[in-house]
Amino acid sequence: MATHKLLLLPGDGIGPEVMREVEKIVGWFRKRGVGFETETDLVGGSAYDAHGKAISEAAMGRAQAADAVLFGAVGGPKWDSVPYDVRPEAGLLRLRKDLGLFANLRPAICYPALADASSLKREVVEGLDIVIVRELTGGVYFGEPKELVTLENGQQRAVDTQVYTTGEIERIARVAFDLARKRRNKVSSSEKMNVMKTGVLWRQVVSRIGKAEYADVELEHVLADNCAMQLVRNPKQFDVIVTDNLFGDILSDIAAMLTGSLGMLPSASLGAEDPKTGKRKALYEPVHGSAPDIAGKGLANPIAMVGSFGMALRYSFGLIDEADRLEKAIANVLASGVRTKDIAAPGTNAVGTQDVGDAIVKELEALS
Ligand code: NAI
Ligand code: MG
């Protein structure tokens with residue numbers, strides 16, 4: 001039996017509450033014979049309290065050795081005044097940097113039961129299931145020169161620089177194509193080659209990789225402004241969208257809001273493929289933070305965290321049937337009306353975090 005090594009980093013606030021529900025689901029799969037090996041460690045404010053830094057070297061070592069890291073959330077008012085370099089967020093930044101996580105995956109899934117909560121019409125979003133692959137470590141957020149200077153005439157001048165190299169584009173393109181093969185086999189690549197040189201290079205490189213290595217995957221090119229429009233007009237035309245850091249930041253937020261609550265949004269960050277094992281470093285986390293306003297009350301929606309584990313099943317472990325079953329279980333639980341307060345239908349009773357986790361486990365059992 002293959003063993004999948006998972007490191008759980010629950011973190012602060014609602015992090016541990018939503019992670020507990022994932023542990024129930026991991027336990028259920030384990031009972032069914034899937035070989036998960038889990039370890040748990042501290043990150044964020046809780047690590048700072050224990051070790052004086054946001055992640056210990058031992059925890060970093062465990063993260064390096066794991067097949068996937070599940071990350072809850074970090075931060076909260078208790079640590080607002082700790083020194084900048086050891087603040088809770090530093091734990092996440094260190095993980096991203098040391099694991100080389102250059103690809104950020106943000107799915108937008110619209111469960112039929114929640115389609116009326118979207119700001120768009122039900123028929124536009126019902127059943128939506130797309131992923132935005134955003135390049136995370138290059139582009140205009142990091143390019144040099146980056147400066148704000150005062151000129152001799154007293155005016156100020158600000159410069160940001162968009163830089164991409166062939167290698168950076170090749171590796172993000174491969175992440176997108178690999179992903180599409182595990183989904184509906186279509187990649188939409190988005191840039192602005194009409195006005196940007198990085199866009200010209202982006203399109204060339206993605207086209208070349210597509211032809212040479214992924215001839216079985218459909219590839220289309222969509223200018224980024226048109227992509228934003230299409231996401232709102234007809235999002236179901238997409239499967240995987242691959243784009244740069246800046247456009248990805250914006251497009252993934254648009255896509256996220258097609259589907260409603262922050263408590264529903266999972267994400268993944270992937271690193272380079274190890275040429276020997278073919279495995280990628282990976283970290284899976286909900287998009288939301290530690291929600292101090294509801295922490296400790298059992299009110300948090302665990303579905304973003306559970307959905308993040310679902311992404312790990314699909315993209316790190318290749319457990320496609322298990323991932324499909326988990327998605328189906330979540331959809332059925334939502335349809336049955338078992339929902340936390342953030343997504344409860346008007347006039348219905350909301351349930352607690354644990355009730356949702358229990359209901360998902362029960363549904364997994366019913367589906368098998
Ligand atoms: P937040 O995402 O924690 O909360 C925003 C609002 O959404 C709150 O009203 C919260 O109750 C609600 N919410 C979030 N997740 C929910 C869930 N699963 N179920 C139900 N409701 C949910 O963002 P906020 O308030 O800006 O930040 C709170 C703390 O979290 C800060 O310390 C911030 O630095 C940290 N943070 C950490 C992140 C991470 O660990 N990746 C990301 C964002 C914020
Ligand atoms: Mg953003």
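In these legends Ala, Val, Leu, Ile, Met, Phe, Trp, Tyr, Cys and Pro count as nonpolar, Asp, Glu, Lys and Arg as charged, and the others, Gly among them, as polar.

**View 1. The shell around ligand 1.** The 20 residues that surround ligand 1 have Gly75, Gly263, His288, Gly289 and Asn301 as the closest, where a residue is near a molecule if its C-beta atom, placed from the backbone, lies within 6 Å of it. By class, the shell around ligand 1 holds ten nonpolar, eight polar and two charged residues. The model is a predicted one, in which local features need pLDDT of at least 70 and side-chain atom pairs count only at pLDDT 80 or more, while totals for chains, interfaces and linings use all residues. Residues are numbered from 1 along each chain as its sequence is written, and chains are lettered from A and ligands numbered from 1 in the order in which they are written.

**View 2. The whole protein.** The protein has twelve helices and twelve strands; these are DSSP runs, helices being H or I of at least four residues and strands being E of at least two, numbered from the N terminus. The C-alpha trace spans about 60 × 50 × 50 Å along its principal axes. For 368 residues a compact globule would have a radius of gyration near 21 Å, and the protein, with 21 Å, agrees; this radius is taken over C-alpha atoms, and the globule rule is 2.2 Å times the number of residues to the power 0.38. Of the 368 residues, 46% count as buried, a residue being buried if 20 or more other C-beta atoms (placed from the backbone) lie within 10 Å of its own, exposed if 12 or fewer, and partly exposed in between. An unreviewed UniProt entry carries the annotation "domain: Isopropylmalate dehydrogenase-like" over residues 5-360; UniProt positions are given in the numbering used here, feature names are shortened, and annotations may be inferred rather than shown by experiment. Over residues 5-360 the chain is 39% helix and 20% strand, with its end C-alpha atoms 23 Å apart.

View 3. The protein is divided into domain 1 (3-128 + 258-367) and domain 2 (139-242), with bounds that come from an automatic or database domain assignment. Between the C-alpha centres of domain 1 and domain 2 the distance is 27 Å. Twelve residues from domain 1 and nine residues from domain 2 take part in the contact, two residues being in contact if their C-beta atoms, placed from the backbone, lie within 7 Å. On the side of domain 1 that touches domain 2, the elements giving two or more residues are α5 (122-125), β11 (266-273) and α10 (303-315). That side of domain 1 comprises eleven nonpolar residues, no polar ones and one charged.

**View 4. Arg96 and Arg106 among the annotated binding-site positions.** The unreviewed UniProt entry places the feature "binding site" at Arg96, Arg106, Arg134 and Asp225. These positions are spread over 130 residues of sequence and also in space, with up to 28.6 Å between C-alpha atoms. Arg96 lies in helix α4 (residues 89-98), and it is partly exposed because 18 other C-beta atoms lie within 10 Å. Not counting residues up to four places away in sequence, Arg96 touches Leu101 and Ser269. Arg106, found in strand β4 (residues 103-109), is buried, with 23 other C-beta atoms within 10 Å. With residues up to four places away in sequence not counted, Arg106 touches Val131, Ile132, Arg134, Ser252, Ala255, Ala256 and Ser267.

View 5. The peptide bond from Glu144 to Pro145 is cis, with omega near 0 degrees, and Pro145 is found in the loop between β5 (129-135) and β6 (147-150). Asn185, although not a glycine, has a positive phi of about 65 degrees; Asn185 lies in the loop between α6 (166-181) and β8 (186-191) and is partly exposed, with 14 other C-beta atoms within 10 Å. Ala291 is a residue other than glycine with a positive phi, near 40 degrees; Ala291 lies in the loop between β12 (280-286) and α10 and is buried, with 24 other C-beta atoms within 10 Å.

**View 6. Leu114 and its contacts.** Leu114 has its place in the loop between β4 and α5, and it is buried, with 21 other C-beta atoms within 10 Å. Leaving aside neighbours within four places in sequence, Leu114 is in contact with Gly260, Leu334 and Ile343. The C-alpha atoms of Leu114 and Pro77 are separated by 32 Å, and the two residues are 37 residues apart along the chain.
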